[in-house]
There are 2 protein chains.
Amino acid sequence: MSEPKMAPGALGDPFQSVADDLLIVDARLHDVLRQENPLVQRVADYLLAASGKRVRPSLVILTARAAAGEMSPPIPVAVAVELIHMATLVHDDIVDRGEMRRGMPSLRAAFNDQVAVLAGDFLFARAFEILAGTGQPKVVDVAARVVRVMCAGEIQETLQVGQVPSEEEYLRRIEGKTAHFLAASCRLGALSVRAAPSIRDSLTEYGQHVGMAFQIYDDLLDLVADPVKLGKAVASDFSQGVMTLPVIYALDRSSRGGELVDALSSQDDAGRQAALAILEETGAIRDTERMAEGHVAAAVQALSALPKSGARDALEQLAGFVVARPY
Amino acid sequence: MSEPKMAPGALGDPFQSVADDLLIVDARLHDVLRQENPLVQRVADYLLAASGKRVRPSLVILTARAAAGEMSPPIPVAVAVELIHMATLVHDDIVDRGEMRRGMPSLRAAFNDQVAVLAGDFLFARAFEILAGTGQPKVVDVAARVVRVMCAGEIQETLQVGQVPSEEEYLRRIEGKTAHFLAASCRLGALSVRAAPSIRDSLTEYGQHVGMAFQIYDDLLDLVADPVKLGKAVASDFSQGVMTLPVIYALDRSSRGGELVDALSSQDDAGRQAALAILEETGAIRDTERMAEGHVAAAVQALSALPKSGARDALEQLAGFVVARPY
């Protein structure tokens, strides 16, 4: 795989400008998950110990700023989207039988599937209480739709495991799985500050493209990244029966499909090298990178509808960041 | 166990007066679960095939009518509470490893735990989209709180399996598990028609007591009902490590606690008879019935704040119905 076109940091760290806001988001997350019951608190503490990158809260805050300038950012909405994201991770680990999450044993591994089902529901419920508190039913609607679309997509994925989707089916799947949520995070930021419809739609479009780029690149990393740096097994998607874009391209273009499937199934380093050779040879990696970069460019283009600002710059950096992650 | 004090039908069928509304609720449930994707539609169809008693939608409609007269009932809210109830059942079957639900294999048994996790989330999301559509953030808040309280209670129950709670702990648990949702269904009915605060609070109190009576009686039936008529194994709560009120009373009062535990663990008819003898002898059954009946009386009392109406009569019947179910 060629070097990432944009080295991390070249455009600046997109999270720098929201660092203070994210500290507030984290403090609020602790507040809203405070429990009377010590047993339930144990579960909440466990959830809080594994902290993510807070991409979605950052999008809420940056889009609100980009649309409305330096007014106080919609922290509760940022907290709610992170709670929803946490809920989906907790439930995804049940669906995928995931053992690790954010560098710790997953909740289902640390407790059990039963607790994980309930904890995910609890997080969803807490998020919708907070969203109701905005007094904006539209905000609730956008967030609920995200969950609905993600679940419908994942039910479909679960029932289709092992099948090779078309490129179009793959793109539709990752749209429902990732892009829709990132687009909605941006839309929620804009809605929170009651941005004009054209600004709101541009920010939504930005988030949609960032989400597509993010997931395409994430799926590529699953195949090509150094497993040690990535911190998980290579081709974990494939081994769970989920076919991603590079594999779809390669299977479509090469007579060595059987060989690729065998190599990906082997789960060892020789297999990994053999798979990479086929993915390189067919141009599958190059075209996947191009697809991701195309979405980054479209995301940046969507921002041109907004006035110049520090928040807009940070959103631009964030779009580049997703296809230049150092792992 | 003595005969139920109120034979079913003696006060009339509480569901009769909402029969037409429930047909509309069912039609809307089909509409809101219509899916583009045929695989996801299979899951939705399965969920719809197992129809329940629709207690919560009935409460929404009857309380709205009791508070506001013959205006058109809040069907979307009634649909949303049933979707939330369905979601909790689907997820409860994962938690309890339930094989049967509403006379059919549970969703997790018919598909798998993975699909059941996602389908429950999907139902929650659909419910909150509909609630957002009411334009009343308070309605979203009340519903989200129901889910949060139920989950926190169930997480606690799951982590405490096998322990004998105090009577107070038991009552708090079933409040979170059942009474809070029934109270909220009534509150939502009242909120939907913008009832005066005093009426809204009386209806909430009514629902709270109906919920307590319902769950206490349900837990009693699990121990004393004919397993054939009940359609499930006797003492299924106990065999899952959940201690209910009659058992708590009997263990507290009798020196034959070990014998009771053995009898309940045996899962055969002789064991069932031995357990019943101890539960009778200690007055555990009688006092449990009295507790349930006390809540029915309190529920009916709460209704006295409302003007007389057909809907109020039906609510009164419904309160009696829960402790006189013929199974």
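This is a predicted model: local features need pLDDT of at least 70, side-chain atom pairs count only at pLDDT 80 or more; totals for chains, interfaces and linings use all residues.
**View 1. Chain B laid on chain A.**

**View 2. The contact between the chains.** Here 38 residues from chain B meet 39 residues from chain A. On the side of chain B that touches chain A, four helices each supply at least two residues: α2 (38–49), α4 (75–95), α6 (113–132) and α7 (137–159). Sorted by class, this side of chain B has 22 nonpolar, 8 polar and 8 charged residues. The copies meet through the same surface, because 100% of the interface residues of chain B are also interface residues in chain A.

**View 3. B:Ala119 and the largest nonpolar core.** The largest nonpolar core has 219 residues, and B:Ala119 is one of those that touch the most other members, along with A:Ala119, A:Ala143, A:Ala213, B:Ala143 and B:Ala213. Leaving aside residues up to four places away in sequence, B:Ala119 touches B:Val43, B:Leu47, B:Val90 and B:Leu107, and also A:Ile155 from chain A.

**View 4. A:Leu171 in its helix.** You can find A:Leu171 in helix α8 of chain A, which covers residues 167–192. A:Leu171 counts as partly exposed because it has 17 C-beta neighbours inside 10 Å, whereas a buried residue would need 20 or more. Look also for A:Thr244: it lies 73 residues from A:Leu171 along the chain, and their C-alpha atoms are separated by 9.3 Å.

Conventions: Residues are numbered from 1 along each chain as its sequence is written. Chains are lettered from A and ligands numbered from 1 in the order in which they are written. Two residues are in contact if their C-beta atoms, placed from the backbone, lie within 7 Å. A residue is buried if 20 or more other C-beta atoms lie within 10 Å of its own, exposed if 12 or fewer, and partly exposed in between; C-beta atoms are placed from the backbone. A nonpolar core is a set of buried Ala, Val, Leu, Ile, Met, Phe, Trp, Tyr and Cys residues joined through C-beta atoms within 7 Å. Ala, Val, Leu, Ile, Met, Phe, Trp, Tyr, Cys and Pro count as nonpolar, Asp, Glu, Lys and Arg as charged, and the others, Gly among them, as polar.
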